[in-house]
Amino acid sequence: MAFSIFSKDESRKLDLVFLILALLGLITSCSLDDDRVQINYELQPVVDYELPDTLVWGQRYNFKIRYISPTSCNYFYDFDYARQDSTRFVYVFEGVYEEEMCTDTPTDTVSVYLPFETRYNYDYIFKFYSGKDENGEDQFITDTIPVKG
């Protein structure tokens with residue numbers, strides 16, 4: 001048998017009060033006015049890069065990559081890096097603040113660094129995304145770098 005300092009009527013009233021408070025908390029915490037900044041992500045074409053003439057097996061590098069950031073609302077987000085045998089596909093992604101007052105910056109070149117470690121003793125083929133052609137096909141700037149053991 002449970003012991004309570006409240007009578008059944010008082011206990012039901014307290015349950016009702018807690019239920020009403022919980023519902024009010026849910027209602028006020030779910031606002032339809034979303035003030036959060038919306039961010040989208042865009043792929044940006046690489047316009048230039050700096051790679052060494054040769055790579056040394058086991059060494060780490062930071063490759064300088066340059067791309068054009070089209071507006072003041074864009075910012076470097078990250079690289080997408082895909083591997084297929086000895087080929088490395090490199091893509092630059094930017095975040096874009098939506099619904100902001102943006103200024104076009106079609107000539108602003110941004111430099112970022114891609115960390116890379118030479119883990120295999122074969123020539124690496126780097127393919128840097130450089131945009132799409134008239135048919136919508138991805139285009140790449142390609143460079144082959146030999147590895148010294």
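The dialogue below takes up the features one by one.

Author: Two conventions come first. This is a predicted model, in which local features need pLDDT of at least 70 and side-chain atom pairs count only at pLDDT 80 or more, while totals for chains, interfaces and linings use all residues. Residues are numbered from 1 along each chain as its sequence is written, and side-chain values use heavy atoms, with hydrogens and water left out.

Reader: How many helices and strands does the chain have, and what pattern do they follow?

Author: Helices (H or I, at least four residues) and strands (E, at least two) are DSSP runs, numbered from the N terminus. Here the chain has one helix and 10 strands, and along the sequence the pattern reads α-β-β-β-β-β-β-β-β-β-β.

Reader: Which strands form an open sheet, and in what order?

Author: Two strands pair if DSSP finds at least two bridges between them. An open sheet of three strands has the order β2-β4-β7, and its pairing is antiparallel. Strands β2 and β7 stand at the edges, each with a single partner strand, so one side of each is left without a neighbour in the sheet. From one strand to the next the twist averages 25°; for such angles, axes are lines fitted to C-alpha atoms, for helices over the stretch in contact, and the angles run from 0 to 180 degrees between N-to-C directions. The antiparallel strands β4 and β7 are joined by nine bridges, and Lys 64 stands opposite Tyr 113 in β7.

Reader: What share of the chain is buried?

Author: Buried means under 20% relative accessible area, exposed over 50%, and partly exposed in between (1.4 Å probe, protein chains only). Of the 149 residues in the chain, 25% are buried.

Reader: Which residues touch the most other members of the largest nonpolar core?

Author: A nonpolar core is a set of buried Ala, Val, Leu, Ile, Met, Phe, Trp, Tyr and Cys residues joined through side-chain atoms within 4.5 Å. The largest one has 19 residues, of which Leu 55, Phe 63, Ile 65, Phe 126 and Phe 128 touch the most other members. The elements giving two or more residues to this core are β2 (46–50), β4 (60–68), β6 (87–97), β7 (109–117) and β8 (124–132). Strand β4 gives the most, with four residues.

Reader: Which residues does Leu 55 contact, apart from its neighbours within four places in sequence?

Author: Contact means heavy atoms within 4.5 Å. With those neighbours left aside, the contacts of Leu 55 include Tyr 61, Phe 63, Phe 116, Phe 126, Ile 145 and Val 147. For the chain, among contacts between residues at least 6 apart in sequence, 64% join residues at least 24 apart.

Reader: How many aromatic pairs does a search of the whole structure find?

Author: Rings of Phe, Tyr and Trp (its six-membered ring) pair if their centres lie within 6.5 Å; planes under 30 degrees apart count as stacked, over 60 as edge-to-face and the rest as tilted. The search finds 18 aromatic pairs. The rings of Tyr 91 and Tyr 129 have centres 5.7 Å apart and planes at 35°, so this pair is tilted. Because Tyr 91 lies in strand β6 and Tyr 129 in strand β8, the pair ties together parts that are 38 residues apart in sequence. Both Tyr 91 and Tyr 129 are buried. The pair of Tyr 120 and Tyr 122 is stacked, because the ring centres are 5.3 Å apart and the planes are at 5°. Tyr 120 counts as partly exposed at 33% relative accessibility, and Tyr 122 is partly exposed at 29%. Tyr 120 and Tyr 122 are among the members of one aromatic cluster, which also includes Tyr 49, Phe 116 and Phe 128.

Reader: Is Asn 74 buried or exposed, and with which side chains does Asn 74 make polar contacts?

Author: A polar contact is a pair of N or O atoms within 3.5 Å; within protein, one must be able to donate a hydrogen and the other to accept it, and residues adjacent in sequence count only if both atoms are side-chain atoms. Asn 74 is found in strand β5 (residues 74–84) and counts as buried, because its relative accessibility is 10%. Its side chain makes polar contacts with the side chains of Thr 71 (2.5 Å) and Glu 94 (2.8 Å).

Reader: Where is Asp 85 found, and what is its phi?

Author: Asp 85 is found in the loop between β5 and β6. Its phi is near 55°, a positive value in a residue other than glycine. At 68% relative accessibility, Asp 85 counts as exposed.
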